[in-house]
Each structure stands twice: as structure tokens, then as C-alpha cells.
Amino acid sequence: MAKLKLHNTLHSKKEDFTPINPNDVRVYACGPTVYNYAHIGNGRMAVVCDLLARILKELYPKVTYVSNITDIDDKIIAAAKETGEPIDSITNKYTDIYNEDMAALGVAIPDIQPRATQHIPDMIKQIEALIEKGHAYAAEGHVLYNVPSYEAYGALSGRSRDEQIAGARVDVAPYKKDPADFVLWKPSTDDQPGWDSSWGRGRPGWHIECSAMTEATLGFPFDIHAGGSDLKFPHHENEIAQACGAHGHENAPEEYARVWVHNGFVVVEDEKMSKSIGNVQLVHDLIKDHKGEVLRLALLSAHYRQPLNWTANLIEQTQNTLDRLYRTLKDLKDVEAEKNIPASVMDALCDDMNTPAALAALIEIAGNAAKADESEKKKIKGALLSSGAVIGILQEDPDKWLGYDSASSEDAEEIESLIAQRKEARENKDFAKADEIRNKLHSMKIEIEDTAEGTIWRKIG
RNA sequence: GGCGCGGUGGCAGAGUGGUUAUGCAGCGGAUUGCAAAUCCGUGUACACCGGUUCGACUCCGGUCCGUGCCUCCA
């Protein structure tokens, strides 16, 4: 059995993964704030974490994968104000859309998908523990985390406290004891959502929800914490301070999460994806023009820690790759699959999720199909299907994928008739007419293939 | 300014101290009336300059370029 290695941001190196409890591997990933559509960068994080969960589920009997929904946040409040739509209706709507869009990318729903608003009491409890242990203080309706009180602060992002102050570009609120202190709880006005607490009616700061929800759903410490690399600081750093501070692990950041996995960013046609450039690619839109499976594999075409350049060419190449693999599966249609993930694929996936190498291994296996004997064919088909299941590809019917199952299409009769006419023309050696018919079919997005068993056709594009 | 990451053949993208993935595109061939699909063959690339070494694309130092975070952000 392959041994999983993961790059652990906490130690800045690739390490053997050893679960705390092999009978229940626990993983958490920071999920979306639901106030608009998810973009392809959100999609990358979801796909990478989904892949991680699938690999772990392959290796261990039980895996609990938790990814949250942030449904209380000032951006949501602002969106509600702007649109006049109630907050609940915004968050419910975009939660559903998020889950639908991710499902299109082959992302399974997490084992637990907690919502921040369902865990307010857990947050309050953690904040109270922090106050009790001297890590937090109330001031003017706020509760703040006192950063100097937590010695190990900076362990994840690798920056010293002095560096943070030097880099601080925000105005320091007067009620802060230290410029680096951050908000755990803040007061709400009457028109803002709020919950009663001993510090008055208010709402949580951004960071507290994750350390409260991980504690509620997974317990401390848990195995793997994942997220986008931009969350390292301050979000993940603050989570560690909150979780460890509340439980007396003063200098032991690994008592929160043992392994930290951070994925790289997506750029679009060599440009940073940003609202101001206007090049934000929404998953919701992309799935209208492309198969979700193509988008998924495109997101996995580079190593997850590398930047990914999202281009039209990338999508096209990925489509070609999948077409080819599905064609191999079509050729093996009558072969009984002997399911087994080949070591070359699993080793690559276990090597810090090296998806390009895993895909190369899979393509190499597929390439052997044509000259394989019957028993090898069974293994090849099984390898494609079972490897594909882990990566999240190749589970469709090949005929359907390639467009051969269009018998139900409304113009099937016309197509068949044209093919018959072409056949007749060919028999009469009237090749000009035969080619003309073929061109006509092509303009109808129909591609024909003359095979030993006669002419077959498929829908393209 | 601080911390970090990266520069690989036309493009995408792994990897390794010495046998130089993989895909797409290209080129040549087989097959085909022509196509399509498939198959076979074909490309010694690793930013620059030094150093270590029997040997470096891979290790060390420097240079240039690009890029992320330090503020909401996947």
C-alpha cells in the first residue's frame, strides 16, 4: 500500500502522513462565504480537497471530511443591503448554487458541511475560554484576541510579530491593546444580524467560526487542515491562536491541526483574476459551455501547489485528453473490467497529490490497450475505471461522452438517411457527392467514421 | 520594506546528481476513394553567471525576470 506524503505548510516540507487515529482520519477545509457565485479559484480549492478526501478514503477505512459554509459575514450584510434581499435568502440561494456548481465539477458533498450560524454558541464558548485563559479581552462591545499573549503566533506563516507590525497597513482601532490584536466578536447595530452574548448583541469575527466548527465537528487535534494559500495569514494563523489558546496549548500549534495543506492560485490567461480586470471566471458560467469533468481535470492538470494558468487552450487540451481516454474505454467496451488501481497511479497521487504524474501514468496504461491480450485488457479497463474513480473522472458511458449514443436525437432519421445516400454514392463511385454529403453532416456537427462494421456517427462540439 | 514561490522543448506540465516523463500541436509513415478514428516513427528543453563534483537541468552562491502574501480574498 502506498504511503501518503503531503507538503505540510507548518513545517514547510513534504512529510509522511500519519493519522492520529487511522480508523477515523479527520480533515477540514475552509469553505466559501455565500454571497455570490463561486469562481474557478474556489473550484480549484474544492476539487483539490475533494481529491484529498478521495485519496484518504482509498487508504483508510473512515475519513471525516468537513468543509464549512460561511453564512454570516460583513460582505453578506453588505450584499443584502445593496440588493434588498434578506440575508437568509441570499445565503440559502448561494449555498445551493455552490453545491450544485461543485457537484458539476465532481466534488462530493463533504461528510459534514456546517454553517457558521449554526455554531454561534460554540464560538461564544471558545471566546469565553480565551478570555478566561487571558488570551482575549472585551472592549467597547468587542472582544479581541490579544496576540502577544500567544507565544507561538506566526508559526504557520513564518513571520515574526515585529514583521507584522512593520507591515501593518490598517488603522489601529483605539480599543486594541496591541496593533496585531484581532476581532473575535463585534457589536451589531439593530439592522445587522446579531446574537445575544455577555458582551452584548453582536456577531462573530471571521476567524473564530473555523476554530469553533472544527472543535464541534472534529475535535482537537485533527489531521489535516486545507485551504487556499492566501488564507495562511492571517486566517489560519488566527485559527491556531484561537484553538490552541482556548485549550492551553500555549506553544504547540500542532495541537490544533497536524498537517496544513494550501493550494495555489488560479490566474486567467496570464493575468491575476480580479473584479477590476473583469476576468473572474465563474464555475456557474463555465459549466454551461464545458463538461464539468473537463473543468475538473483541467484544474488538476498542474500540481495543486503550483499556480494554474486558466486558458481556453487548457480546456481544449483537457477535453482532448479525456476524449482519448474515453475512446480507449469504448474500444474496451466488451471487456470485463478487473478493478485495481495501478501502483504507478496511486504512488503519484500519494506523492503530495502529484496529479500530472498520475495522469501521465494513466495515459501510458491506456496506450497499451490496443496491443494488449484479453487478460491485459481486463486489467487496463479496470485500471482506467478505478484510477478514474479516485481522480474523479472516466465514470461516464464512453458512447455518451463521445456523442455516439445520439440515436435519440431528433435529427437521427435525417442523419441516417444522409449516410445511406452517401453509401449509395460511394457504391456508384460518385465520390464528389459522397464528400458533399459528408461536409453537410459535418456542418450539422456530425462526424462520421467508416469502420469495418459500416459507417458510424457521433455528435461533436 | 518583510516573508514566500517560480523561471523546463512551439504550448501545457512532471521529475531526477549520471539512463533526459507525459499530453497537445508539428513533421514523416501505415490505414482510408478521400476523411475520421487508430497505430508506428520523429524533438537531447531545463533563465543567466560562477562554484562543488568524475559528472548538474537537478546541490551551493550571485544576477536578471516573473509572481503570491503582508488589508477582504480560494
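Asparagine 263 is buried, with a relative accessible area of 5% (buried means under 20%, exposed over 50% and partly exposed in between, using a 1.4 Å probe and protein chains only). This asparagine 263 sits in strand β10, residues 257–263. Strands (E, at least two residues) and helices (H or I, at least four) are DSSP runs, numbered from the N terminus. Leaving aside residues up to four places away in sequence, asparagine 263 touches Arg44, Met45, Gly227, Gly228, Ser229 and Tyr304, where contact means heavy atoms within 4.5 Å.

This is a predicted model, in which local features need pLDDT of at least 70 and side-chain atom pairs count only at pLDDT 80 or more, while totals for chains, interfaces and linings use all residues. Residues are numbered from 1 along each chain as its sequence is written, and side-chain values use heavy atoms, leaving out hydrogens and water.

Now for some strand pairs; two strands pair if DSSP finds at least two bridges between them.

| Strands | Sense | Bridges | A bridge pair |
|---|---|---|---|
| β6 (residues 142–145) and β7 (residues 182–187) | antiparallel | three | tyrosine 145 and phenylalanine 182 |
| β7 and β8 (residues 202–204) | antiparallel | three | tryptophan 185 and proline 204 |

How do two helices meet? Two packed helices are described by the angle between their axes and the distance between the axes. The axes of helix α4 (residues 120–132) and helix α6 (residues 208–217) come within 9 Å and cross at roughly 105°. Axes are lines fitted to C-alpha atoms, for helices over the stretch in contact, with angles from 0 to 180 degrees between N-to-C directions. So α4 is roughly perpendicular to α6 (65 to 115 degrees; under 35 is roughly parallel, over 145 roughly antiparallel, and the rest oblique). Among the residues making this contact are Met123 and Ile127 of α4 and Ile208 and Ala212 of α6.

Technical notes: Chains lettered and ligands numbered in written order.
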